Amino acid sequence: MRIERIELRHIRMELVHPFTTSMGTEYDEEHIIVRIDGEGLTGWGESVAEGTPFYSYETVQTAWHILNDFLIPAVLGKNILHVQEALDSWSKVRGHMMAKAGIEAALWDLMAKSEQISLSKMLGGVREKIDVGVSIGIQDSVSTLLQTVENYLAEGYKRIKIKISPGNDLQFVEALRKVYPELMLQVDANSAYTLAHAGLFKEMDNYGLLLIEQPLGYDDIFDHSKLQRLLRTPVCLDESIHSLDDTRAAIELDSCRIINIKPGRVGGFTESKLIHDYCAEHGIPVWHGGMLESGIGRAGNVALASLPNFTLPGDISASKRYYKEDIVEPAFEVNSDGTMDVPAGHGIGVEVNAKALEKVTVKKIIHTS
Ligand code: OSB
Ligand code: MG
């Protein structure tokens, strides 16, 4: 496959509801859309670096720089037969996983389209539908949280995740448990706590949570092993896992018993698959995280989540939970049984709506060979 043209678009999409976490409140989401053309086919990917360096050190600006100045020059004009050749071509670039994952995703889509199979098939997916959940930001009060959860459950979501931060934690968990004793419920701290809060997490052990996501430092593996030892509830790592090596360390140290996989955080689908397979061999369930993607990134997430060891519902919600108008057609929907259909068409299996994409584009650059 000759890589003839690569286009980047910095996009900004307004969220239907502000999203509050321990890292702050987001009103809109900025990402980069990568389009690659070759031999009459078009591949799409999304880099999930955000406008701010709060979740990750990467931002739209750093990813823009790394893509334009290092990753694109390594593949433009080349004849690429396997995604691995592209990965090898930029292996000297350390870190910048989200920049890499955006272009890697577009290459996977292009390869699947040239093989005339779905991205799900190409990645080794085994499911036609995936179980999905919803990630709910920190609410102003217990009553607004209860109402929000009721609405999402009515739409079919199988599992609820709530964001927590010091002072916004136990009271929300307790209130939800009272009303929904059997609900699949989990919490995400985005690194807002330290080992000094171990007592609080021990109290959380009484509420039958599915997991506690990233309670401690954003790059920590060691302190999480100390916390996990004190708890019955599985700790799940998100921010701390950037590679298969991190996964191996976390599992050997018993720092977590569940892993959240986000292709953006680990450099793409290739590394995600390695992590998925390693976890399967070690009896560690994985689930698919989310970065408030547009339909382009979401399509890739859905395909990846169709692999066999994604046994817990993902943070993969309907397009309308995030954005009034998605940039793909059809938009992603949740079925009343809490599943989402895995697109069966070639590649990502959804069409990009050029007009909608144009509307959210802040800036664009085109590279041709
Ligand atoms: O920690 O999982 C997270 C969104 C942005 C950055 C980090 C996270 C999240 C979410 C949203 O929880 C998940 C989604 O896309 O629905
Ligand atoms: Mg998280």
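Predicted model: local features only at pLDDT ≥ 70, side-chain atom pairs only at ≥ 80, totals over all residues.
Residues are numbered from 1 along each chain as its sequence is written, chains are lettered from A and ligands numbered from 1 in the order in which they are written, and side-chain values use heavy atoms, with hydrogens and water left out.

Glu213 belongs to strand 8 (residues 212-213) and Asp238 to the loop between strand 9 (235-237) and helix 9 (244-252), a pair that links distant parts of the chain, 25 residues apart. Helices (H or I, at least four residues) and strands (E, at least two) are DSSP runs, numbered from the N terminus. Glu213 is buried at 0% relative accessibility, and Asp238 is likewise buried at 0%. Buried denotes under 20% relative accessible area, exposed over 50%, and partly exposed the range in between (1.4 Å probe, protein chains only).

Asp238 also takes part in a salt bridge with Arg265, with the closest N and O atoms 2.8 Å apart. A salt bridge is a side-chain nitrogen of Lys or Arg within 4 Å of a carboxyl oxygen of Asp or Glu, and the structure holds 19 of them. One of these joins Lys161 to Asp315 at 2.6 Å between the closest N and O atoms. Lys161 lies in strand 6 (residues 159-163) and Asp315 in the loop between helix 12 (295-304) and helix 13 (319-322), so the pair ties together parts that are 154 residues apart in sequence. Both Lys161 and Asp315 are buried. Within helix 9, Asp245 and Arg248 are 3 residues apart and therefore separated by about one helical turn; their salt bridge has a closest N and O separation of 3.3 Å. Arg248 is partly exposed, with a relative accessible area of 36%.

Gln228, in helix 8 (residues 222-230), is buried at 0% relative accessibility. The Gln228 side chain reaches the backbone oxygen of Thr233 at 3.2 Å and the backbone nitrogen of Val235 at 2.7 Å.

Four strands form an open sheet in the order 3-2-1-15 with antiparallel pairing. Strand 3 (41-47) and strand 15 (361-368) stand at the edges with a single partner strand each, so one side of each lacks a neighbour in the sheet. Strands count as paired if DSSP finds at least two bridges between them; strand 2 (residues 24-38) and strand 3 are joined by 7 bridges. Arg35 stands opposite Trp44 in strand 3, and Arg35 also belongs to a salt-bridge network with Arg5, Glu7, Arg9, Asp37 and Glu358.

Definitions and conventions:
Polar contact = N/O pair within 3.5 Å; in protein donor to acceptor, adjacent residues only side chain to side chain.
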